[in-house]
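Colleague: I am new to this structure and would like to learn how to read its features. Could we begin with the aromatic rings?

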Amino acid sequence: MLTAHCSLLSLLPVGCRKRDMPGSAMNGSAMNGHSEPMGYLTRIQSFSACHRLHSVHMTDEDNLKVFGKCNNPHGHGHNYKVEITVRGKIDHITGMVMNLTDLKRSIEEVIMIPLDHKNLDKDVPYFATIPSTTENLAVYIWNNMAKSIAPSILYEIKIHETDKNIVTYRGE
């Protein structure tokens, strides 16, 4: 059976076999130290904010149809949980993808100061003409994190609006 498995493996195009994959223990570059391992670092931050789902580009009647009870003129609140993930080579000297102290400082500046215990629609200028959906909140956080840390290592913003509603944004 082992022979059959190996024979099938040899039929795969070069690059598709496990031993050809970057970082594989069977890959020669990883074995001789020329390849730097990639890592993902995720920091989770919670914040509370209120908002009203409403688009200035639609009539009040259409807003009510689209957003339902979330279009309440008095708004509603959430205890958001945000996961910020960076991706990069693990530095061979520090052993880190990114200094966690720098990531925490960026999260404070990008999320906590402008968003925590705020009315997103009234206190955050970005949402003056853009509906404060969780999707748009993820874009807002991504755009501002990309200004605060090296954009090349920013991998993902994941926002848990509720236990059942989660939005993921990767800058695409």
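Modeller: By the rule used here, the count comes to six aromatic pairs. Rings of Phe, Tyr and Trp (its six-membered ring) pair if their centres lie within 6.5 Å; planes under 30 degrees apart count as stacked, over 60 as edge-to-face and the rest as tilted. This is a predicted model, in which local features need pLDDT of at least 70 and side-chain atom pairs count only at pLDDT 80 or more, while totals for chains, interfaces and linings use all residues. Residues are numbered from 1 along each chain as its sequence is written, and side-chain values use heavy atoms, with hydrogens and water left out.

Colleague: How is an aromatic pair described, and which kind do phenylalanine 47 and tyrosine 80 form?

Modeller: A pair of aromatic rings is described by the distance of the centres and the angle of the planes. Phenylalanine 47 and tyrosine 80 are stacked, at 4.9 Å centre to centre with 20° between the planes. The pair links distant parts of the chain, since phenylalanine 47 is in strand S1 and tyrosine 80 in strand S2, 33 residues apart. Helices (H or I, at least four residues) and strands (E, at least two) are DSSP runs, numbered from the N terminus.

Colleague: Are phenylalanine 47 and tyrosine 80 buried or exposed?

Modeller: Buried means under 20% relative accessible area, exposed over 50%, and partly exposed in between (1.4 Å probe, protein chains only). Phenylalanine 47 is buried because its relative accessible area is 2%, and tyrosine 80 counts as buried at 1%.

Colleague: Why is the pair of tryptophan 142 and tyrosine 169 edge-to-face?

Modeller: The ring centres of tryptophan 142 and tyrosine 169 are 5.7 Å apart and their planes stand at 85°, so the pair is edge-to-face. Tryptophan 142 belongs to helix H6 and tyrosine 169 to strand S5, 27 residues apart. Tryptophan 142 is buried at 12%, and tyrosine 169 is buried at 18%.

Colleague: Which residues have the most contacts inside the largest nonpolar core?

Modeller: In soluble globular proteins, nonpolar side chains tend to be buried together. A nonpolar core is a set of buried Ala, Val, Leu, Ile, Met, Phe, Trp, Tyr and Cys residues joined through side-chain atoms within 4.5 Å. The largest nonpolar core here has 30 residues, and those with the most contacts inside it are Ile111, Leu137, Ile141, Met145 and Ile157. Elements giving two or more residues to this core include strand S1 (38-51), helix H4 (100-115) and strand S4 (154-160). H6 gives the most, with seven residues.

Colleague: What does isoleucine 141 touch?

Modeller: Contact means heavy atoms within 4.5 Å. Not counting residues up to four places away in sequence, isoleucine 141 touches Val82, Val110, Ile111, Leu115, Ile157 and Ile159.

Colleague: How many salt bridges does a search of the whole structure find?

Modeller: Side chains of opposite charge can pair when their charged atoms come close. A salt bridge is a side-chain nitrogen of Lys or Arg within 4 Å of a carboxyl oxygen of Asp or Glu. The search finds three salt bridges. One of them joins lysine 65 and glutamate 61 (3.4 Å, N to O). These two residues are four apart in helix H3 and therefore separated by about one helical turn.

Colleague: Where do arginine 170 and glutamate 156 lie?

Modeller: Arginine 170 forms a salt bridge with glutamate 156, the closest N and O atoms being 2.6 Å apart. Arginine 170 lies in the segment after S5 and glutamate 156 in strand S4, 14 residues apart. Arginine 170 is partly exposed at 40%, whereas glutamate 156 is buried at 8%.
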